[in-house]
Every structure is written in C-alpha cells, then in structure tokens.
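Colleague: I'd like to learn how to read a fold from its coordinates. Could you take me through one, feature by feature?

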Amino acid sequence: MTVPDVNPATLPQAEFAQVVKRSSTGDLRRLMTGEQRRAVLDEVFVRMPGVFRADRAGSTNAVLHWKVGDRPDGGADTYELVIADRTCTLSPGPDRTPTLELSIGAVDFLKMVTGNANPIALFMLGKMKAKGDIGLTARVPNLFDVPKA
C-alpha cells in the first residue's frame with residue numbers, strides 16, 4: 001500500500017504508521033497537500049482521545065490548539081483538544097483560548113503522530129513551535145500512546 005492509496009479511517013493505527021514510515025517525504029507532502037489532507041487530519045484527531053493516557057494526565061487541564069501547516073493555500077488547519085478531569089476530547093472547532101498552541105508542518109506532524117519522528121527533536125530543531133504554556137509542551141507527548149512504526 002502506498003500513501004496515495006491510503007485511507008487512514010480504514011487502517012489500524014500501527015498499519016498506518018508503517019505506511020508513513022515506508023513513504024518518501026515527497027509522497028507524504030503530496031498526500032498532505034492533496035484532496036485527502038482533510039480526511040487524514042480529521043481521522044488522526046478523531047483517534048487522539050482514544051490513545052489519551054488518563055493515567056499520565058494527573059491534574060492537567062489544558063486547551064491544546066494544533067496548527068498543522070502546509071495547506072495548499074499556504075494556511076494551516078487548527079484542531080482543538082481539551083484535556084480536563086483526566087479525559088481528552090476533540091472540539092468541533094477551535095473556539096477556546098488555548099493554553100498551548102503547537103504549530104508544525106503537515107509532513108512532520110504526520111511523522112510525529114505515527115511514531116516516525118520525535119516530538120522533542122522536532123521542537124528543538126524548530127520544526128514545531130509552541131506558544132503559551134511551554135512547560136506543557138514537554139508533557140504532551142507522554143499524554144498519548146503513539147504507535148511504534
């Protein structure tokens with residue numbers, strides 16, 4: 001299976017992670033700037049509450065805005081996750097003030113959420129930027145079970 005053929009809604013997370021791992025950066029870029037971009041991002045974010053680690057959340061209460069860049073028009077898609085009372089929910093739209101806003105390119109985002117890129121390394125290399133509660137930035141990766149590709 002190649003990236004142009006991928007429909008993340010029909011693949012288990014581990015299999016999707018393997019597809020991303022086997023794909024070239026160019027193929028991933030074409031996917032994330034093509035017609036399937038919205039479906040891929042929507043599916044990734046719909047799955048996030050299911051891989052949330054409540055046991056690691058403690059008293060964390062936060063509104064996370066993920067700004068995934070590299071849209072064909074040059075803009076970014078923003079998704080909102082709310083972490084409160086040891087739960088994580090995906091908001092229908094980003095309508096709350098974020099505790100933390102994370103901005104990242106689409107290919108790096110896809111690699112990160114499939115276990116093919118280290119979020120701390122992306123942050124240190126300037127490929128992911130944070131605005132708001134910077135201390136929360138380091139804790140976010142531990143709040144989710146990322147597939148191992």
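Colleague: Let's start with helix packing: is the crossing of helix 3 and helix 5 left-handed or right-handed?

Modeller: First, some ground rules. This is a predicted model, so local features need pLDDT of at least 70 and side-chain atom pairs count only at pLDDT 80 or more, while totals for chains, interfaces and linings use all residues. Residues are numbered from 1 along each chain as its sequence is written, and side-chain values use heavy atoms, with hydrogens and water left out. Helices (H or I, at least four residues) and strands (E, at least two) are DSSP runs, numbered from the N terminus.

Modeller: Now the general idea: two packed helices are described by the angle between their axes and the distance between the axes. The axes are lines fitted to C-alpha atoms, for helices over the stretch in contact, and angles run from 0 to 180 degrees between N-to-C directions. A crossing is left-handed if the near helix is turned anticlockwise from the far one by less than a right angle, and right-handed if clockwise. Here, helix 3 and helix 5 make a left-handed crossing. Their axes come within 12 Å and cross at roughly 35°.

Colleague: Which residues of helix 3 and helix 5 meet?

Modeller: Contact means heavy atoms within 4.5 Å. Helix 3 brings Arg-37, Val-40, Leu-41, Val-44 and Phe-45, and they meet Ala-106, Phe-109, Leu-110 and Val-113 of helix 5. By class, that contact has eight nonpolar, no polar and one charged residues. For the classes, Ala, Val, Leu, Ile, Met, Phe, Trp, Tyr, Cys and Pro count as nonpolar, Asp, Glu, Lys and Arg as charged, and the others, Gly among them, as polar.

Colleague: How many residues of helix 5 are buried?

Modeller: Buried means under 20% relative accessible area, exposed over 50%, and partly exposed in between (1.4 Å probe, protein chains only). In helix 5, seven of the eight residues are buried, including Asp-108 and Met-112. After the helix comes Gly-115, with a positive phi near 80°.

Colleague: And which residues have the most contacts inside the largest nonpolar core?

Modeller: In soluble globular proteins, nonpolar side chains tend to be buried together. A nonpolar core is a set of buried Ala, Val, Leu, Ile, Met, Phe, Trp, Tyr and Cys residues joined through side-chain atoms within 4.5 Å. The largest one here has 39 residues, and Leu-64, Trp-66, Phe-109 and Phe-144 have the most contacts inside it. Helix 5 gives the largest share, six residues. Leaving aside neighbours within four places in sequence, Phe-109 is in contact with Leu-41, Val-44, Phe-45, Met-48, Trp-66, Val-68 and Ile-104.

Colleague: On to the sheet. What is the order of its five strands?

Modeller: Two strands pair if DSSP finds at least two bridges between them. This open sheet runs 3-2-1-4-5, with mixed pairing. Strand 3 and strand 5 are the edges, each pairing on one side only. Seven bridges join strand 1 to strand 2, which run antiparallel; Ala-62 has Ile-83 as its bridge partner. Strand 2 also pairs with strand 3, antiparallel over four bridges. Those two form a hairpin with two residues between them, and Asp-85 in the turn has a positive phi of about 50°.

Colleague: How do strand 4 and strand 5 pair?

Modeller: In the antiparallel sense, over five bridges, with Lys-129 as the bridge partner of Ser-103.
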